[in-house]
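Subject: Salt bridges in the model

Hello,

Here is the structure for your files. My notes on its salt bridges follow below.

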Amino acid sequence: MKEEVDSPVAFTARYVCGLRCVEGEDVKDPLLVDPLSPFLCGPKGLALAQEELRGLREAQGEGNHLRVPARNRLVDDEVLHATSALSDMGYKRVQVSWFDVDFDEMINLKRRLLSQAGAECCMSTTKSEPAFPLKATSYHTIGLDLSKNVADNLGQSLASEGFDPNIPCIWVLEAVIYYMEMVPASDLLRAMAELSVKGTPSQTPSRLIATCVDQELLAASQSMEPGSHLFAHLWHFDVDQLLAHPEYTKFWDTIKKPRTSKELALEKYGADTYVALYGGAECIFTASLHC
């Protein structure tokens, strides 16, 4: 299978899909099984993920889980928890519309691969039975660079796909915001807040579920020689810097403090995960809009 896109962003995404595939196929009692991942990772993404698992097993022993699929599962479960909170606040029959915002090249790649796999969300026709039925009420894709002029572009782009800012939403920033410099990241925090519902006694406010690297992982990335590793000089700030930023504290209240995916996976699933060979960890936190 030929790689459709060779950009660093696309390759990183394929690598993550490879890790999801390897977790499901090569790890005992996997934290997640993603039947779409073999269609999305491509041969290079799969090979790198397999190499990662071999290296971790050699360094840290057998039996642990991969940290990225663990993070994926934790974020997925947090989204489900936040959705159930909407039901508790009076939305007894919650309908979820999913808006997937990514670079143009990534949206095009996703749609092509998902269509080839038979995923209903990207099928051009529904005459045949989809191999992977859509579980959300609707699925929308938006090609957008969130690091550029997001104050104007995000709201317009979402509105063109039917986004209603009067309905509570859940913003999911998994492995996104710390890839930006702080100025566009803070612009994104503000733009999301301005498109969100503030809560009332009968209505829950919009929420933010996000991941960010800790200080150790940021330092490890910044200490690598440029080009020496996939994650060398790729991240710009750590979770403490993000949560202390005025654009975060002005609009968002942290309701679940940052904890590492390793800590959470062990607590929630009784599953131990491998530690990155270059040190550090990613943290997950949840916030709600200021009421």
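The structure holds 14 salt bridges (a side-chain nitrogen of Lys or Arg within 4 Å of a carboxyl oxygen of Asp or Glu). This is a predicted model: local features need pLDDT of at least 70, side-chain atom pairs count only at pLDDT 80 or more, and totals for chains, interfaces and linings use all residues. Residues are numbered from 1 along each chain as its sequence is written, and side-chain values use heavy atoms, with hydrogens and water left out.

R67 and E282 form a salt bridge, with the closest N and O atoms 3.4 Å apart. This pair links distant parts of the chain: R67 is in helix 3 (residues 67–88), E282 in strand 6 (residues 282–289), 215 residues apart. Helices (H or I, at least four residues) and strands (E, at least two) are DSSP runs, numbered from the N terminus. Both R67 and E282 are buried (under 20% relative accessible area; exposed is over 50%, partly exposed in between; 1.4 Å probe, protein chains only).

D100 pairs with K110 in a salt bridge, closest N and O atoms 3.1 Å apart. D100 sits in strand 1 (residues 97–102) and K110 in helix 4 (residues 104–117), so the pair ties together parts 10 residues apart in sequence. D100 is buried at 12% relative accessibility. K110 is partly exposed at 22%.

E247 meets R190 in a salt bridge at 2.9 Å, N to O. E247 belongs to helix 9 (residues 246–251) and R190 to helix 6 (residues 182–194), so this pair ties together parts 57 residues apart in sequence.

Regards
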